[in-house]
Amino acid sequence: MEVVFQRPQALTEEKFSYCPGCHHGIIHRLVAEVIDELGIIDNTVCVSSVGCSVVNYQFFATDAIQAAHGRAPAAATGVKRASPDSIVFTYQGDGDLAAMGTAEIIHAAARNENITVVFVNNAIYGMTGGQMAPTTLKGQKTTTSPYGRDSKREGNPIRVCELLNSLDGPAYLERVSVHDPKHVIRAKKAIKKAFQLQVKGRGFSLVEVLSACPTNWHLSPLASIEWVQKELMAYYPLGVFREAGEVDGEC
Amino acid sequence: MKGNEAIGEAAIAAGCRYFFGYPITPQSELPEYLARRFPEVGGVYLQAESEVAAINMVYGAAATGARVLTSSSSPGISLKQEGISYAAGSELPCLIVNIMRGGPGLGGIQPAQSDYFQATKGGGHGDYKVIVLAPASVQELADMVGTGFDLADKYRNPAMILGDGFLGQMMEPVDFAGIKKSKIVEKTWAVGCKKGRERNVHTSLYLDPEELEKHNIKLAQKYELIAENETMAQEYLTEDAEIVVVAYGLVARICKAAVEKARSEGIRAGVFRPITLWPFPQKELRKAVAAARGVLAVEMSMGQMVEDVRLCLEGRLPVRFYGRAGGMAPTTQAVYEEIKKISLECKGVE
Amino acid sequence: MAQVSFNEELCKGCGLCVEYCPLKIIELSEKINSMGYHPAQIIDVNRCTGCAFCAMMCPDVVIRIER
């Protein structure tokens, strides 16, 4: 008997603090699997952001620092500049990255900072209990857009990959999803490529992962997955937006 | 050498190789200097998109154990307050330079000392302290960079140099030899490439209130230790002074001249100059005013340090205040007249 | 034939594995774990091919598979 699937080494034994059916757990596992496969656990530094994943330094078995809300890309820049041999990644939600940290993510990308950003987009503020996020869809009801997001009042959702794609800087931008096994495999490939680019010093890589938030969407885990497919993916198309230079070797 | 640039050279001498900053008058010469000099010594200079980003870059670099510097001026330091609170909460050493200018708001670009409260009472959230050093000359500015890094490393806490536009812009001879001796502490707590050590995590998040209280108590004990061991002050003619002028930074030099003028007219005055603004040199001040009958605090603000003087002396003797603000500096003559006024009051002649 | 083990104490009964198992041989058990959830369990391990779809979709790394 050969082990086909097991808990990656880059995850601690800590139980995830996420809600049932939340995709953070899947994404954490993919990042950890990639860290294992690239054999970089001793040099990896996780820069945690503020949101549901704020305590992910309890789950990733790597060095880690917890950055102020929105500032993870800046903190990661500091780590990478001071310790260039480290593999530095930030793990941020849409409130952290696309609201509080918009300047930080744009400038880190424009500098083509050699860090990897795992950006989880669930179109809502999870930790604080379901408020509207910059990625909340038009018409989507949240605790702070109770009548549904109205462009005239609350403006329009931000497509981060497309936004960053207008910059010369970034080396790699891809949007993926984890709503079924096929897409989980695709997402892992993207995360792996992002980390590989950093290992090769190619610069800024960001993988935007569409993610379900059953609790705050008030949907079951399964219904949330349908919502990802029907609604989220309609506004946030999956695909590779930027890919500077090929990554040699198996993807 | 110009004050701002002396800070850069002193940082290099102190083993600092990382600077994250943002342009703002009157300190921009420092980032400009390091942008030129750092590449020559293998340093990393990065201009961030904002002071908020800069202090968080400092936070990241500090976590790797590197000696890291940032500088700004008053409004920029306001933007850094959250990051400084995080650095204190995560116990990450770094050095922040504030070349103060007139405030509040956009204020002006002329020198001032109106950020005293922000620096010493904590401009950010939570129970934390920053070690605050106030040099009065370009040489002391350079020396304080070494001292600041040593204290920050020793106590794993942010340290701040509180200068002002004069100090930053003026030129005076400076010697960096003294700084080289400062020892660099080996940091086992650093993140980065680990060889066989346990993983390190730096966070200021303690969701469990009991844990957070324990953390606060631990920090408070650290601050008590600093207060007991690290206060610094300088005195001039205070041994027999009946009037002691308390002033820091460049203002203390103006007061020295005023005191000499008063002395020439038989008024026994002296100057007490706190060098550490936090921890405030309370023991030293109480000793200095033991024989005095009046105290005059002089600042380039509407009166901030004067409150700490009053707190320290606990009403034992009257504490007057004289200040100029908005970028105006007190003149020797004006300070002298304040001293004279107090002296007359003490004699009950008025 | 594969061997599948569920770390029942980590399972939050979200049901994604039940949905995505191509052979529909996973169900939530009647038991309740320490968190109060009905943990997932495999009904007929003999039919399991070890495709790991369940494990891939599991948000809590509950499932371990050998083949």
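Analyst: Let's sort the lining of the largest pocket by residue class: this predicted model has 10 nonpolar, 8 polar and 1 charged residue there. The largest pocket holds about 350 Å³ of space. A total of 19 residues line the largest pocket, and the ones closest to its centre are Ser85(B), Gly89(B), His125(B), Ser204(B) and Leu212(B). Two elements of chain B give two or more residues each to this lining: helix H4 (74-89) and helix H9 (209-229).

Now hop over to chain A. The second largest pocket has about 260 Å³ of space. Its lining is made of 15 residues, and closest to the centre are Phe5(A), Leu30(A), Glu33(A), Glu37(A) and Lys188(A). Here the elements that supply two or more lining residues are helix H1 (24-38) and helix H7 (181-199) of chain A. By class, the lining of the second largest pocket splits into 7 nonpolar, 1 polar and 7 charged residues.

So much for the pockets; what about the cavities? Searching the whole structure turns up 3 cavities of 30 Å³ or more. The largest cavity contains about 110 Å³ of space. Of its 15 lining residues, Cys21(C), Ile25(C), Cys48(C), Cys51(C) and Cys54(C) are the closest to the centre. Sort the lining of the largest cavity by class and you get 13 nonpolar, 2 polar and no charged residues.

Ile25(C) deserves a stop of its own. You'll find Ile25(C) in the loop between helix H1 (16-20) and strand S2 (26-28) of chain C. Is Ile25(C) buried or exposed? Its relative accessible area is 2%, and the cut-off for buried is under 20%, so Ile25(C) counts as buried. Leaving out residues up to four places away in sequence, Ile25(C) touches Gln41(C), Ile42(C), Ile43(C), Asp44(C), Arg47(C) and Cys48(C). Take Arg47(C) from that list: it sits 22 residues from Ile25(C) along the chain, with 7.8 Å between their C-alpha atoms. Cys48(C), another residue that Ile25(C) touches, is also one of the residues closest to the centre of the largest cavity.

Next comes the second largest cavity, with about 90 Å³ of space. It has 14 lining residues, and nearest its centre are Cys11(C), Cys14(C), Cys17(C), Cys58(C) and Val62(C). This lining divides into 10 nonpolar, 2 polar and 2 charged residues.

A disulfide is a covalent bond between the sulfur atoms of two cysteines. How many disulfides does the structure hold over all chains? The count is 0. Take Cys11(C): the nearest cysteine sulfur belongs to Cys17(C) and is 6.2 Å away, and Cys11(C) is in no disulfide. For a pair to count, the two sulfur atoms must be within 2.5 Å. Cys11(C) is also buried, because its relative accessibility is 7%. Cys58(C) is in no disulfide either, and its nearest cysteine sulfur, on Cys14(C), is 6.3 Å away. With a relative accessibility of 8%, Cys58(C) counts as buried too.

Let's go back to chain B, where the largest pocket has its central residues. Chain B is divided into domain 1 (3-229) and domain 2 (234-346). Taken over C-alpha atoms, the centres of the two domains of chain B are 28 Å apart. Across the divide, 33 residues of domain 1 are in contact with 25 residues of domain 2.

Among the buried residues of H1(B) are Gly3(B), Glu5(B), Ile7(B) and Ile12(B). The cover over them includes helix H2 (29-37), strand S3 (68-72), strand S4 (94-100), helix H6 (138-155), helix H7 (165-169) and helix H8 (177-180) of chain B. Just after H1(B), Gly15(B) takes a positive phi of about 90°.

Finally, here's how the chains meet. There are 2 pairs of chains in contact, and chains A and B share the most contacts. Chain B and chain C have no contact joining them, and their closest C-alpha atoms lie 20 Å apart.

Conventions
Residues are numbered from 1 along each chain as its sequence is written. Chains are lettered from A and ligands numbered from 1 in the order in which they are written. This is a predicted model: local features need pLDDT of at least 70, side-chain atom pairs count only at pLDDT 80 or more; totals for chains, interfaces and linings use all residues. Side-chain values use heavy atoms; hydrogens and water are left out. On a 1 Å grid over the protein atoms alone, a cavity is a set of points where a 1.4 Å probe fits but cannot get out, and a pocket is an open set with protein on both sides within 12 Å along at least five of seven lines; lining residues have an atom within 4 Å of a point. Grid points are joined across faces, edges and corners, and a volume is the space filled by probe spheres set on the points. Ala, Val, Leu, Ile, Met, Phe, Trp, Tyr, Cys and Pro count as nonpolar, Asp, Glu, Lys and Arg as charged, and the others, Gly among them, as polar. Helices (H or I, at least four residues) and strands (E, at least two) are DSSP runs, numbered from the N terminus. Buried means under 20% relative accessible area, exposed over 50%, partly exposed in between (1.4 Å probe, protein chains only). Domain bounds come from an automatic or database domain assignment. Contact means heavy atoms within 4.5 Å.
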